Structure formats: structure tokens, C-alpha cells
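Student: Hi! Could you walk me through the charged pairs in this one?
Tutor: Happy to, let's open it up.

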Amino acid sequence: MKFGRCAAVALTGWFLLMPRTSVQYPRGNTDAPLSEWIRAGNGTVFRTEAECEHVLDRRRRLTNNRGSRTSLRYLQTAQCVSTDDPRLKGK
């Protein structure tokens with residue numbers, strides 16, 4: 001039994017998700033279901049939440065250093081989400 005739980009935990013990863021942008025939502029539609037958000041970083045799957053959060057923090061700092069306020073506001077909406085999060089399945 002314990003092995004099964006360990007295997008399930010080992011298969012879990014983390015996505016860096018960002019809401020889709022459009023003319024109506026230039027900073028991303030944060031009200032859209034997570035299943036409609038896009039994966040940042042070419043769909044990279046991070047091993048841990050800490051690794052995902054580190055990458056997100058680094059992106060925010062680099063964007064802030066470049067002075068792009070619009071991009072920084074967009075990055076503020078990004079989230080690290082577990083690959084087994086039920087909200088990713090959609091309907």
C-alpha cells in the first residue's frame with residue numbers, strides 16, 4: 001500500500017499556468033477555468049512546487065528589472081498548479 005502512495009506522489013508535477021489574454025482581457029482572463037489557462041515555459045513540468053514558484057519569482061524579478069509594468073501585472077496572475085489538480089480536467 002505504501003509503495004502505491006509513493007508512486008503517485010512521484011508522478012505528481014507542477015505546471016506554471018497563465019490565463020489566456022485577449023482584446024477584452026489584456027492581462028488575462030483570471031475568471032476562466034484553469035483548464036483553459038496556458039502552460040508557461042513551453043509546457044515544462046516542474047518536479048516540486050518550490051521549483052515552480054522559484055521560476056515564477058525569477059520571471060517576475062526579471063520582468064520588473066526591465067520595467068515592463070504590463071508584463072509584470074500579467075505575471076502577477078500566474079500560478080503554480082499541481083498536475084493532478086482536478087480543476088485542470090475541465091468539463
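Tutor: A salt bridge here is a side-chain nitrogen of Lys or Arg within 4 Å of a carboxyl oxygen of Asp or Glu. This is a predicted model, where local features need pLDDT of at least 70, side-chain atom pairs count only at pLDDT 80 or more, and totals for chains, interfaces and linings use all residues. Residues are numbered from 1 along each chain as its sequence is written, and side-chain values use heavy atoms, with hydrogens and water left out.

Student: Which residue does Arg61 pair with?
Tutor: Asp57, with the closest N and O atoms 3.0 Å apart.

Student: Is Arg47 buried or exposed?
Tutor: Exposed, at 67% relative accessible area. Buried means under 20%, exposed over 50%, and partly exposed in between (1.4 Å probe, protein chains only). Glu51 is partly exposed at 28%.

Student: Switching to Asp85, what does its side chain meet?
Tutor: Asp85 meets Arg87 in a salt bridge, 2.8 Å from N to O. Asp85 is buried, with 14% relative accessibility, while Arg87 is partly exposed at 48%.
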